[in-house]
Amino acid sequence: QVQLVESGGGLVQAGGSLRLSCAASGRTLSSYAMGWFRQAPGKEREIVAAISWSGGNTYYAHSVAGRFTISRDNAKNTVYLQMNSLKPEDTAVYYCAARVPGLSERHYATGRGDYDYWGQGTQVTVSS
């Protein structure tokens, strides 16, 4: 079992920055592809960013490309999401997700069904 705990959410003004962290316990994440998703009220949960287990390949949703950066520190068993130039439309609950080992070191996963473990989420609110 893998337990994921997100932190770093909060209230920020438009144009500001936040860094989300996802700390894992129960297993080492070094072989797990990881992803960040978000869900706004009344909307489906959507992929924001994903990273291969090696950290060498990343994916970004079009809406966040150029503003958000996903990274991982396997030694610390932690994945990060640096969010810059935040917009009110980025307001959502952000979730970290882990996929069990099986993908090659170059591949990431972008579908909700591709992931096996989820954190409880952290609220990000961007005021205009």
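In this predicted model, F37, Y115 and W118 come together in one aromatic cluster. How accessible are the two partners, Y115 and W118? Y115 has a relative accessibility of 6% and therefore counts as buried, whereas W118, with a relative accessible area of 29%, is partly exposed.

The ring of W118 also has a charged neighbour. R45 lies over the face of W118, at 5.0 Å from the ring centre. The charged end of R45 sits over the ring of Y95 as well, 3.6 Å from the centre of that ring.

The count of aromatic pairs in the model comes to four. One of them joins Y59 and Y108. Why is the pair of Y59 and Y108 called tilted? Their ring centres are 5.8 Å apart, and their planes meet at 40°.

Y59 belongs to strand β6, which covers residues 58-60, while Y108 is found in the loop between β9 (92-99) and β10 (117-118). The pair therefore ties together parts that are 49 residues apart in sequence. Y59 is partly exposed, at 26% relative accessibility, and Y108 is partly exposed too, with a relative accessible area of 32%.

Methods: Residues are numbered from 1 along each chain as its sequence is written. This is a predicted model: local features need pLDDT of at least 70, side-chain atom pairs count only at pLDDT 80 or more; totals for chains, interfaces and linings use all residues. Side-chain values use heavy atoms; hydrogens and water are left out. Rings of Phe, Tyr and Trp (its six-membered ring) pair if their centres lie within 6.5 Å; planes under 30 degrees apart count as stacked, over 60 as edge-to-face and the rest as tilted. Helices (H or I, at least four residues) and strands (E, at least two) are DSSP runs, numbered from the N terminus. Buried means under 20% relative accessible area, exposed over 50%, partly exposed in between (1.4 Å probe, protein chains only). A charge sits over a ring if NZ of Lys or CZ of Arg is within 6 Å of the ring centre and within 35 degrees of the ring normal.
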